[in-house]
Amino acid sequence: MSVAPELKREQDYLDWARAGLARMREQTLSLKVQAHDPISAEHLARTLHLRAASLQDDPSTTLFFGRIDTDQAERWYIGRRHVADPAGDPLVIDWRAQMSTAFYRASRAEPMGVTLRRRFGLDRGAITAYEDEHLQDRREHDVRSHILAEEIERPRVGPMRDIVATIQPEQDEIVRAGADQTICVQGAPGTGKTAVGLHRAAWLLYAFRDRLARSGVLVIGPNRAFLEHIAAVLPALGEVAVGHTTVEELVASVAVRGVDSTETAVLKGDARLAELLRRAVWSAVRPASEPLVVPRGVRKWRVPAYEVNELLDELRTRGVRYDAARQMLPQRLAHAVLLQMERAGDSPDDRVQDQVARSSVVKKYAQALWPSLDGRAVLFGLLSDPAELARHADGLLTPREQELLVWERAPRAKGAARWSLADAVLLDELGDHISRTPSLGHVVLDEAQDLSPMQLRAVGRRCSTGAATVLGDIAQGTTPWATDSWETSLAHLGKPGSHVEVLDRGFRVPASVIEFAAQLLPTVAPGLGAPISVRDNPGRLDVLEVEAANVLTKTASVVGSEAAEPGSVGVIAPDDLVDALSAALSAQGVEHGVLGQDHGDIDHQVDLVPATVAKGLEFDRVVVVEPAAIVAAEPDERTGLRRLYVVLTRAVSALTVVHAEPLPAQLTRSEALGDGSRV
């Protein structure tokens with residue numbers, strides 16, 4: 001048969017490509033840094049280091065995963081990075097290259113010049129199989145790719161991997177959208193929205209490297225466990241200089257030691273607070289009541305107070321930040337003096353204006369009218385003084401809302417303040433009113449449905465001159481201020497009118513799990529369509545009701561059985577049950593990590609996950625403990641059911657629910673769901 005020889009030819013080509021990559025890396029490492037100054041030398045050394053890191057081969061993966069032959073007698077191997085032979089001709093073309101688009105989007109209806117598309121079956125860095133599609137052969141019909149299905153569904157342990165081999169056409173359109181376009185992806189569980197966002201960042205850095213390498217790209221996720229889960233994706237795609245952070249870290253200008261009530265936190269996240277803070281900042285500018293008098297030589301030059309106030313009004317309406325306008329004021333005052341000198345017959349030049357602006361008289365006068373501000377002092381004044389708050393909140397906040405904002409026991413000084421997470425966001429807003437926040441070239445914001453309007457404004461400031469990829473699922477909103485409208489969120493982000501793309505084809509979550517969890521949707525997200533699983537394998541669903549005394553031991557037993565099979569296992573439980581459940585797992589000899597704690601490790605086969613940390617993670621098999629307790633732990637039922645929806649949709653192949661408390665009413669249907677089992 002011809003199969004074995006063809007496989008060998010493809011494997012030989014892979015070996016040749018690996019040798020080419022090794023040669024490219026050796027050439028990079030052999031380059032000597034030569035520069036005229038230490039700063040340039042350091043920059044060049046870092047550039048070479050990043051280049052060498054991007055050329056590091058991973059023997060557990062292959063350099064390419066597909067091939068296309070065109071009607072122009074060209075053959076291209078598609079892989080994670082560009083690899084060239086000694087003459088500079090491509091052995092593998094980067095999946096982000098324009099030519100690679102056809103690999104993802106070509107179809108029988110629109111072949112895009114492709115005569116053959118070949119997908120490779122891979123195992124530990126070796127080619128084990130291939131599938132061919134002859135897109136221009138009318139005798140051949142579409143069949144489901146087994147290689148594609150196996151790659152999507154295969155068990156995995158550890159961090160998220162890239163999906164370059166399995167990107168679907170609708171995903172590829174999002175990935176390759178222009179650099180100036182902000183896109184919002186409403187993605188149901190298992191639709192690959194996070195992976196799409198990360199691959200979009202990688203594509204943008206490839207297609208617009210000069211621009212984005214200078215301005216920067218940042219990925220913002222919901223928590224550190226999530227960021228650790230996705231941390232390996234971009235380096236695997238050759239991008240090692242992308243920052244990863246959370247919103248809390250983004251605005252961390254003060255130590256967070258305080259906790260707000262839910263009602264207060266919701267109010268502090270309200271967009272009206274931006275106007276409140278703007279008023280507080282600009283109220284610091286005081287009208288002039290005395291003229292500016294500048295002695296120079298034997299003369300004294302006088303600028304009337306009314307003229308000074310005209311200058312203040314002009315600076316206030318220029319659209320610049322408070323501090324930028326403050327720094328302009330001495331020059332404006334000096335220019336007014338210069339005009340008087342000219343009217344008196346003198347001929348002063350710019351040097352005289354600079355001297356006047358730097359004089360102690362002008363600087364002292366300007367400082368009295370336009371003082372420098374500290375954001376912490378401004379916020380301290382608002383939260384500690386009801387009269388000060390009322391002065392700026394008139395027409396914005398009700399008396400009850402003002403009461404919520406003011407501290408019950410105000411600290412004596414701003415240094416003693418116990419700032420909360422919401423306060424840190426307000427301080428970030430104040431900082432931007434005072435001095436403009438620098439903008440990045442692109443921001444990827446995941447789980448965006450959970451951000452308050454003020455948090456969205458904080459993120460939007462980081463891409464005010466760039467664009468954003470906004471990822472989320474309204475049904476998975478688990479904060480009291482979670483959005484019900486992407487249009488509203490995009491407006492708060494500073495990107496109104498941006499395109500919203502819906503991904504509803506579930507590639508990772510099986511049908512039995514989706515159908516079970518989707519019973520919650522009419523309650524948590526009315527009007528939002530249920531995701532559609534496109535996998536042949538419906539997965540497995542088991543719901544086990546046990547006595548309350550046996551919940552921990554039964555869970556540990558189930559987890560032990562699940563861990564006997566290849567693939568990752570996530571055990572998701574109410575936060576206050578995690579310690580007891582960890583002890584029960586240890587008692588039965590089940591080695592595990594605990595995410596969100598110091599001894600947690602994403603690389604364990606079994607991970608114990610507090611329900612509040614589960615968002616964005618996925619495991620081959622998931623065991624959910626006490627759904628009713630997960631719901632009850634949240635401040636309201638809608639938020640609790642949304643949290644449960646998140647938890648139930650973390651499974652890639654099987655979901656087991658262990659409970660003693662009655663399930664939420666939305667999940668108590670007695671009939672079997674899909675092809676999974678219900679016990």
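Which residues is arginine 376 in contact with, leaving aside its neighbours within four places in sequence? The views below take up this residue and several other parts of a predicted model.

**How to read the views.** In this predicted model, local features need pLDDT of at least 70 and side-chain atom pairs count only at pLDDT 80 or more, while totals for chains, interfaces and linings use all residues. Residues are numbered from 1 along each chain as its sequence is written, and side-chain values use heavy atoms, with hydrogens and water left out.

**View 1. Arginine 376 and its contacts.** Leaving aside neighbours within four places in sequence, arginine 376 is in contact with Val254, Lys414, Trp419 and Leu427. Contact means heavy atoms within 4.5 Å. Arginine 376 lies in helix α17 (residues 375-384). Helices (H or I, at least four residues) and strands (E, at least two) are DSSP runs, numbered from the N terminus. Arginine 376 has 38% relative accessibility, so it counts as partly exposed. The cut-offs, with a 1.4 Å probe and protein chains only, are under 20% relative accessible area for buried, over 50% for exposed, and partly exposed in between. Valine 254 is 122 residues from arginine 376 along the chain, yet their C-alpha atoms are separated by 9.0 Å.

**View 2. Strand β8 and its two partners.** All five residues of β8 (residues 217-221) are buried. Val217, Val219 and Gly221 are on one side; Leu218 and Ile220 are on the other. Four bridges join β8 to β12 (residues 442-445), and the two run parallel. Here leucine 218 stands opposite valine 443. β8 also pairs with β9 (residues 243-246) in the parallel sense, over four bridges. In that pairing, valine 219 stands opposite histidine 244. Two strands pair if DSSP finds at least two bridges between them.

**View 3. A six-stranded open sheet.** The strand order is β17-β22-β21-β18-β20-β19, with parallel pairing. β17 (540-545) and β19 (593-594) stand at the edges with a single partner strand each, so one side of each has no neighbour in the sheet. β18 and β20 (residues 606-610) run parallel and are joined by five bridges. Valine 569 has valine 606 in β20 as its bridge partner. Helix α26 (residues 578-587) lies across β18, β19, β20 and β21, running at about 165° to β20. Axes are lines fitted to C-alpha atoms, for helices over the stretch in contact, and angles run from 0 to 180 degrees between N-to-C directions.

**View 4. Helix α28, mostly covered.** Ten of the twelve residues of α28 are buried. Among them are Leu641, Leu644, Tyr645 and Leu648. The buried residues pack against α23 (511-517), α24 (521-524), β18 (569-573), β21 (619-625), α27 (627-632) and β22 (651-659). Aspartate 636 caps the N-terminal end of α28, with a side-chain oxygen 3.2 Å from the backbone nitrogen of arginine 638. At 1.5 Å a residue, α28 (residues 637-648) should span 16 Å, and its end C-alpha atoms are 16 Å apart, which agrees. The expected span is 1.5 Å times one less than the number of residues.

**View 5. The whole chain, for context.** The protein chain has 28 helices and 22 strands. Its C-alpha atoms fill a box of roughly 105 × 70 × 45 Å, taken along the principal axes. Of its 679 residues, 53% count as buried.

Terms used: Polar contact = N/O pair within 3.5 Å; in protein donor to acceptor, adjacent residues only side chain to side chain.
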